[in-house]
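Biologist: I am new to this structure. Please show me how to read it, one feature at a time.

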Amino acid sequence: MKKFSLGIIAATMMTVSGMTFAADFIEGKDYKVVPNVGKVDVPNKIEVREFFWYGCSHCFKLEPYMQTWLRQLPKDVNFLRTPAAMNAVWEQNARGYYVSEMMGIRKKAHVALFDTIHKEGKQIFDQKSLAQFYTRYGADTNKFNSLFNSFAVSGKINQAKNLAIQYQLTGVPAVVVNGKYVVQGEDQHVIDVVNYLVEKERKTLKKAS
């Protein structure tokens, strides 16, 4: 009778309405620990940084879950996106992302670019096609092209590359929590693990204060 009761309790703890509990999250399986902790942008907040590439089908699948999570972003969490620039093709999209950010059209164009690539099958992976795409959202082509290889954008590209090296990323999507943990995947499980790690960091910060 005792074994049966414990079994029921364990099963109940593992899943309720499809939710995964923290007890199920395992280091090395659900997330990995970063060997060298990265510096966060806002020290008094818990940083969640998403690395992605617009051409990545896994990033495309994860995006709706990220969008839902962002609508309920806790006040003590600082969310950042970093377009991965881990090869020449990815760098083109990363440059386009940073230009769209400088031109104030990133929010309008972000999900739309994912959709155009993955739903419409458009190959928007170079400066010319990116410039053309962003004109839909008010970008001036001449200004876009002048910023594309600018010193400011190149600086952000170098930062993105250095962060990917620091966190030992081999692919995307990758979500880094507070410079300490890396979570990879393409579904709700990523969000569940991120929430678990955010709470873990929240408790650590409370103990330190």
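This is a predicted model: local features need pLDDT of at least 70, side-chain atom pairs count only at pLDDT 80 or more; totals for chains, interfaces and linings use all residues.

Modeller: Start with a facing pair: Glu50 stands opposite Val175 in β6. Residues are numbered from 1 along each chain as its sequence is written, and side-chain values use heavy atoms, with hydrogens and water left out.

Biologist: In what sense do β4 and β6 pair, and over how many bridges?

Modeller: Two strands pair if DSSP finds at least two bridges between them. Here β4 and β6 run antiparallel, over 4 bridges. β6 also pairs with β7 (residues 181-183), again antiparallel, over 3 bridges. There, Val177 stands opposite Tyr181. The hairpin of β6 and β7 has 3 residues between the strands, and Asn178 takes a positive phi near 55°.

Biologist: Which residues of β6 are buried on each side?

Modeller: In a regular strand the side chains alternate between the two faces of the sheet. Buried means under 20% relative accessible area, exposed over 50%, and partly exposed in between, with a 1.4 Å probe and protein chains only. In β6 (residues 174-177), Ala174 and Val176 are buried on one side, Val175 and Val177 on the other.

Biologist: Arg49 is in β4 (residues 46-52). Is Arg49 buried or exposed?

Modeller: Arg49 is buried, because its relative accessible area is 6%.

Biologist: Which side chains make polar contacts with Arg49?

Modeller: A polar contact is a pair of N or O atoms within 3.5 Å; within protein, one must be able to donate a hydrogen and the other to accept it, and residues adjacent in sequence count only if both atoms are side-chain atoms. The Arg49 side chain has one of 3.4 Å with Glu47 and one of 2.8 Å with Thr82. For plain contact, the cut-off is heavy atoms within 4.5 Å. Beyond four places in sequence, Arg49 touches residues including Asp41, Leu163 and Val176.

Biologist: Where is Met86?

Modeller: Met86 is in the loop between β5 (77-83) and α3 (88-102). Met86 counts as partly exposed because its relative accessibility is 32%. Leaving aside neighbours within four places, Met86 contacts Ala164, Leu169, Thr170 and Gly171. The C-alpha atoms of Met86 and Ile157 are 9.6 Å apart, with 71 residues separating the two along the chain.

Key:
Helices (H or I, at least four residues) and strands (E, at least two) are DSSP runs, numbered from the N terminus.
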